[in-house]
Amino acid sequence: MRARATALGTIAGVALVIALLPFALSAYHQSLAAKVATFFVAILGLNILTGYTGQISIGHGAFMAIGGYTTAVLSRDHHMNLELTMLVAFGICFVCGLLVGLPALRLSGVYLALATFALAVSVPQIPLKFSKYLGGSGGVQAATVTPLRLYAIGWAASAILFVLAWVILRGRTGRAFRAIRDSEVAATSSGVQLPVYKTLAFGISAAFAGVAGSLFVLGTNGFAQPSEFGIILSLQILIGAAVAGLGSLWGVLAGAIFIGLLPQISSSVPVIGSAHGQDVVFGLLVILVMLVLPTGVAGLLGRLRRLRAGA
Amino acid sequence: MVAIARKLDFRERRYAGGVSLPVLAGIAAACVFLVIGCLTSTIFAQQTVAGLAQGAVYGSLALALVLIYRATEVINFAQGEMAMASVYIAYQLIAWGLSYWEAFFLTLAIAFVLGIAIQVTVIRPVQQKSVIAVVIVTVGLFILIDGLVNWKWGGAIRFMPAPFGEKVYHAGGVAFARQDLGTLLVTIVSVVALWALFQFTKLGLAMRASALRPAAATLVGVRVERMLALGWGLAAVLGAVAGLMAEPSQFVLQPTLMQPILLYAFAAAVLGGLESAAGAVIGGIALGIFLNLIGQYVHFVTSELRQPFAFAVLLAVLLVKPTGLFGRRKVRKV
């Protein structure tokens, strides 16, 4: 009971800080914080799939691309309300996730990693092929938003999706996901329908990534461009999820901050502060984190909690 | 000692099956189709020749992936970037005044040392932790190497001399670029050399033993860790060969050189079964020819769709025959 109170208190505290933060930030820092929200949503989605259901995906940038292009095209061609386009992106990516999830049923481990990697490389090529509708390499321009509005949309979406993820994961569905992760054979023999829950996990996860993609596009001045959705984006999300710690919702914010802010911070480090120096720092830190904290921030928090309980 | 070794649990490594007759028949049929096609149409022959050379490059990178996968069941996502960095090292050596072939062999040596260094410093510590940790580390390496190259040499386009010259031979209306023939030759030589190393030397035997039965290999005195590091070194060398052979066909040198090729190599490795060295090479060549022919005759598949199409091949193989052409079904006791 006390643990639950502490948990709720922590969440309320973090929510309060996030709600008050924009008043203390400049426009530039607001857009940076909105970027963190984007990654927060994406990592949340990947964590449902990889952390809770045990299905690795290196292709979530592909779903982000689909979500981002949904928002951009709807905004350009139909002048649709941006928040509404995010809802549409959620739906479209849910369906796309189910479609990808179906063949993924037969894959696992390394093979799934390879297939999703290929997905991430392939999807950004599609706008180049259908440049008439999707703008080719020049991209699609959606409506632009102010940093403050972006911040509000981003963190509101994060809050809603966090609650949604929590609701999904705490109940029957979440138990089925975890059972599949821990042992597919045991899950099946306990009556968990593998195909249903595995594809469902893919769908939900992709839907989250789709919303993240919409936010991502709004964060790049409303510009959806194939080069922005390259393989590096997918890798960043995976890294964020690993830093956050798989199979726990507690570290997600830390993971989002890690991939959202680190490039900005490291590019201001004097010696290597060039545009590409940041990749060097990023890559090095990723490897270091994995060497030191293989279970991510969530694992570290868990260890601290156990230490305190033991003391 | 032998009694202890017998008691060790190898059940995860027990395989069933092998190269099946339908697969051999299919490959034979494909070869007949290619020969007939080449004899009837010069365009067809031209695309086949070009595909052969490109496929050889995919095959060598796929072989590098397979080498590491067989030993440690890890896919090295940084393999392509390691190869790309090797090409830049060669570029730098040439800029310092070495001839192309001096730079070529020196680069292979450097790649070997770097491959071992990477395994020892960053892969070995996480190897026992979890598959996902190793994947993330190789992804981190991907970004790190990419950043280092961009930082040192910049993203600007650079040029390297063509190792085999620009000469083109003609035979029966089909143009054979000397570069393509050279690529094919170098790939074949490196693959055969590797095969000989594994098949005929004591070192190769030790490496195979460490990959297949690490515990038993340790018991008979093989230094398994050292062998795994050696495997990474050899994979880096193969990758460097692939990179150096891929570079002339792209005409320019830029840091994104190997990213599409890595995707083709993944598809090739999966097509070959991910555990089979021969499968990786054959898969690479098959994929190279297939993509070129599709690009020629199916107008919908333009160059933008080349990568999605490779992805489709990968997915189709995984769905229809997850063990690939030469892979073996893994029987796992639960």
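Q: How many of the residues of chain A count as buried, and what does that word mean here?
A: A residue is buried if 20 or more other C-beta atoms, placed from the backbone, lie within 10 Å of its own, exposed if 12 or fewer, and partly exposed in between. Of the 311 residues of chain A in this predicted model, 51% count as buried, and for the 334 residues of chain B the share is 47%. Because the model is predicted, local features need pLDDT of at least 70 and side-chain atom pairs count only at pLDDT 80 or more, while totals for chains, interfaces and linings use all residues. Residues are numbered from 1 along each chain as its sequence is written, and chains are lettered from A and ligands numbered from 1 in the order in which they are written.

Q: What confidence does the predictor give to each chain?
A: The quantity to read is pLDDT, the predictor's confidence in each residue, from 0 to 100. Chain A has a mean pLDDT of 85, with 95% of its residues at 70 or more, and chain B has a mean of 83, with 92% of its residues at 70 or more. Helices (H or I, at least four residues) and strands (E, at least two) are DSSP runs numbered from the N terminus; in those terms, confidence in chain A is lowest in helix 1 (residues 2-20), at a mean of 79, and highest in helix 11 (residues 194-219), at 92. In chain B, strand 1 (residues 15-16) has the lowest mean, 40, and helix 4 (residues 79-95) the highest, 93. For the complex, the predictor gives an ipTM of 0.78 and a pTM of 0.83.

Q: How is the radius of gyration of chain A to be read against the globule rule?
A: The radius of gyration is taken over C-alpha atoms, and the globule rule is 2.2 Å times the number of residues to the power 0.38. The secondary structure of chain A comes to 15 helices and two strands. Its radius of gyration is 19 Å, close to the 19 Å that the rule gives for 311 residues, so chain A is as compact as a globular protein of that length. Along the principal axes, the C-alpha atoms of chain A fill a box of roughly 55 × 45 × 35 Å.

Q: What does the reading give for chain B?
A: Chain B has 13 helices and four strands. Its radius of gyration of 20 Å is close to the 20 Å given by the rule for 334 residues, so chain B is as compact as a globular protein of that length. The C-alpha trace of chain B spans about 65 × 50 × 35 Å along its principal axes.

Q: Which elements of chain A touch chain B?
A: Two residues are in contact if their C-beta atoms, placed from the backbone, lie within 7 Å. By that criterion, 39 residues of chain A are in contact with 40 residues of chain B. On the chain A side, the elements that give two or more residues are helix 5 (109-122), helix 6 (126-129), helix 12 (231-244) and helix 14 (277-292), and the largest share, 11 residues, comes from helix 5 of chain A.

Q: Where does Phe117(A) lie, and is Phe117(A) buried or exposed?
A: Phe117(A) lies in helix 5 of chain A, and it counts as buried because it has 27 C-beta neighbours inside 10 Å. Leaving aside neighbours within four places in sequence, Phe117(A) is in contact with Ile58(A), Gly59(A) and Phe266(B).

Q: Which residues have the most contacts inside the largest nonpolar core?
A: In soluble globular proteins, nonpolar side chains tend to be buried together. A nonpolar core is a set of buried Ala, Val, Leu, Ile, Met, Phe, Trp, Tyr and Cys residues joined through C-beta atoms within 7 Å. The largest here has 212 residues, and those with the most contacts inside it are Ala267(B) and Leu314(B). Not counting residues up to four places away in sequence, Leu314(B) touches Leu114(A), Ala115(A), Ala118(A), Phe266(B), Ala267(B) and Val270(B).

Q: What is the phi of His79(A), and where does His79(A) lie?
A: Most residues other than glycine have a negative phi. The phi of His79(A) is near 50°, a positive value in a residue other than glycine, and His79(A) lies in the loop between helix 3 (60-78) and helix 4 (82-104) of chain A. His79(A) is exposed, with 9 other C-beta atoms within 10 Å.
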